[in-house]
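User: I would like to learn how to read side-chain features in a model. Can we work through some together?

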Amino acid sequence: MLTTLCSEDGVPHPKSAGVTPRHSGWLVRRGPGRRAGNGDLPADPNSKAPQLWHMADRDAGTRRWVTSRAALSCTGMLACLWWMAPALNTGSTEPAENAATALEGRGYAPMALPDENRPVVDLSVRLSPDLRNATGTETIVFTPDARICRVVLRLWPNAPSIAGNGSGMTLDRVTVDGVGRPVQMRSAGAEPGTAGTLAVVPLKACRAAGSHLRITARFRVRLGVGGAERVGVDPQRQVARLGSAFPLLAWVRGRGWVREPAVPGKGEELVSEEFRLDRLAVTAPAGLQVVGGGTPESVTRRGGVAVSTFHAESVRDVAFAVGSFTTATAEMAGVTVRAAVPTDAKAPAEEWLAQARTPALRMRTQFGQLPYRDVWLVVCLPKFAGIEFPTTMFFPDVEVGDFGRLVPHEWGHQYFYSLVGNDQGQDPWLDEAFATYAEAVTDSGAARYTSRSLSASVRNRVGEPMKDWQGSGMPTGSYNEGVYVAGAAALLRARQAAGAAAFDAAIKDYVARNAHSVAAPREVCAVLGRLPKALDELHAAGAV
């Protein structure tokens, strides 16, 4: 019996409190003639504009969560009635693609579209000749969905996990609508000696929801040496990597500013809504290439430097690398996949493409079509690790026989975190457990997780926030075991309990409903509302 996420006392679960669901009624493309906000209910029921499908009637009066063994019914801001045909919940073990086919013609949700009011970002970065430093200018056109009196930017290169190798970021100047504004820097868990991870910019006057702000930030980035994090430089190979190396707007629609402090230890902890990357322009020494960052546009060489430009329709972060690379390109699973490896790499770029083909095809069947035009596999990490970003993945240099599950796991993150976002600090299982599950369910690898005996210290803790895993006294590897392994095992057991066909259809629906948004655990609860056995498994693991 699920009693944690959906209760009868009228109080939302603490994990979801303050996080308003994106699709609580009509799932529509936002645009003229609609009331912006949660649920996007059409202002005119007779409108000819796209109205994709209707989940359930919405009662805006209360937040009341009710559950039973038979069904999960939620009224209020989230309609947790999964209205797919009861025949899906049969315990069938038919392949996922057959389950998806069975849904055709039954109102199965098309993938949600990016918010038309999402921020628009123009980002320019210039690297020094030795790749140890970078300067940048970012312009954000921002339309908040609530009244604001300040702007909040995150400087994630100052977080302990990233700044430990000597990396860092400083803000030089911030303007709002062309007028310089004071910046209040706050540590918010930053590495000692850095400027802080949180920049608060008070506005001259509060701005109403729907108003337009033009925010410009000038910044500097210091690239540390070595490490396996998202910002750094490998001086031997002359390869620099810059992931999340710009001031990130800390706004999430329906929630507001996200200001939780960074935590020590390894692991991603970002949260951001998507934005349109109108232009990324990277200036680097002319003999080097820029890879990653979105869809390539042009390369212009002048005066000993080259300016490479990219764009992306809707992403929540940006990452790229600079160095001497060999590249290869292939079309697979409906996207252009680009691999970039150092010229002296242990495995050629073509081998990285080969490693991606099977997971890309199988995950498209399992979870739906990725909406990206280009996806990058970039070998730039000096130590064994994998780091996910929308449209871009960072990898280490490994021999052909040592790939393991590197590519399938990071490709899974193109669905879970990149497409369906989450608060990685508050709900890390929503991307790490799901990416591990994606890797396992598409390569018949369930047993390596479901048969593993868990340490007592990590049992039934899948849904805990990052800060609880980084506390003193936690055994080494607890976070990996308690979130990646235990989380994937819980999802795999849920699939077995509910029946593969029904569970696969529900998770595919979760991806479709929550694409381009920031999901919370209750969105998982919503799509599994007709599968109480699956919810029981997740509840037993502490996920919901």
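Analyst: Start with a charge over a ring. The charged end of Arg461 sits over the ring of Trp469, 4.4 Å from its centre. Keep in mind that this is a predicted model.

User: How is a pair of aromatic rings described?

Analyst: Two values are used: the distance of the centres and the angle of the planes. This structure holds 17 aromatic pairs. One of them joins Phe434 and Tyr510, with 5.6 Å centre to centre and 20° between the planes. That pair is stacked.

User: Where in the chain do Phe434 and Tyr510 lie?

Analyst: Phe434 is in helix H5 (residues 429–441). Tyr510 is in helix H9 (residues 500–514). The pair links distant parts of the chain, 76 residues apart. Both Phe434 and Tyr510 are buried.

User: Why is the pair of Tyr479 and Tyr484 edge-to-face?

Analyst: Look at the angle. The planes of Tyr479 and Tyr484 stand at 90°, with the ring centres 5.8 Å apart, so the pair is edge-to-face. Planes over 60 degrees apart count as such. Tyr479 and Tyr484 are both buried.

User: Which residues form one aromatic cluster?

Analyst: Phe434 and Tyr510 belong to it, together with Phe367, Tyr415, Phe416, Trp429, Tyr437 and Phe503.

User: Now the backbone. Which phi value does Tyr417 have?

Analyst: Phi is near 115° there, a positive value in a residue other than glycine. Tyr417 sits in the loop between helix H4 (406–412) and strand E28 (421–422). Its relative accessible area is 2%, so Tyr417 is buried.

User: And where does His516 lie?

Analyst: His516 is in the loop between H9 and strand E29 (518–519). Its phi is also positive, near 65°, and the residue is not glycine. At 10% relative accessibility, His516 is buried.

User: What is a disulfide, and how many does a search of the whole structure find?

Analyst: It is a covalent bond between the sulfur atoms of two cysteines. The search finds 1. Cys149 and Cys206 form it, their sulfur atoms 1.9 Å apart. The torsion about the S-S bond is about 105°, so the disulfide is right-handed. Cys149 lies in strand E7 (residues 148–154) and Cys206 in strand E11 (residues 198–207), so the bond ties together parts 57 residues apart in sequence.

User: Are Cys149 and Cys206 buried or partly exposed?

Analyst: Cys149 is partly exposed at 25% relative accessible area. Cys206, at 36%, is partly exposed too. Cys380, in contrast, is buried at 5%, and Cys525 is buried at 0%.

Technical notes
Residues are numbered from 1 along each chain as its sequence is written. This is a predicted model: local features need pLDDT of at least 70, side-chain atom pairs count only at pLDDT 80 or more; totals for chains, interfaces and linings use all residues. Side-chain values use heavy atoms; hydrogens and water are left out. Rings of Phe, Tyr and Trp (its six-membered ring) pair if their centres lie within 6.5 Å; planes under 30 degrees apart count as stacked, over 60 as edge-to-face and the rest as tilted. Helices (H or I, at least four residues) and strands (E, at least two) are DSSP runs, numbered from the N terminus. Buried means under 20% relative accessible area, exposed over 50%, partly exposed in between (1.4 Å probe, protein chains only). A charge sits over a ring if NZ of Lys or CZ of Arg is within 6 Å of the ring centre and within 35 degrees of the ring normal. A disulfide is a pair of cysteine sulfur atoms within 2.5 Å.
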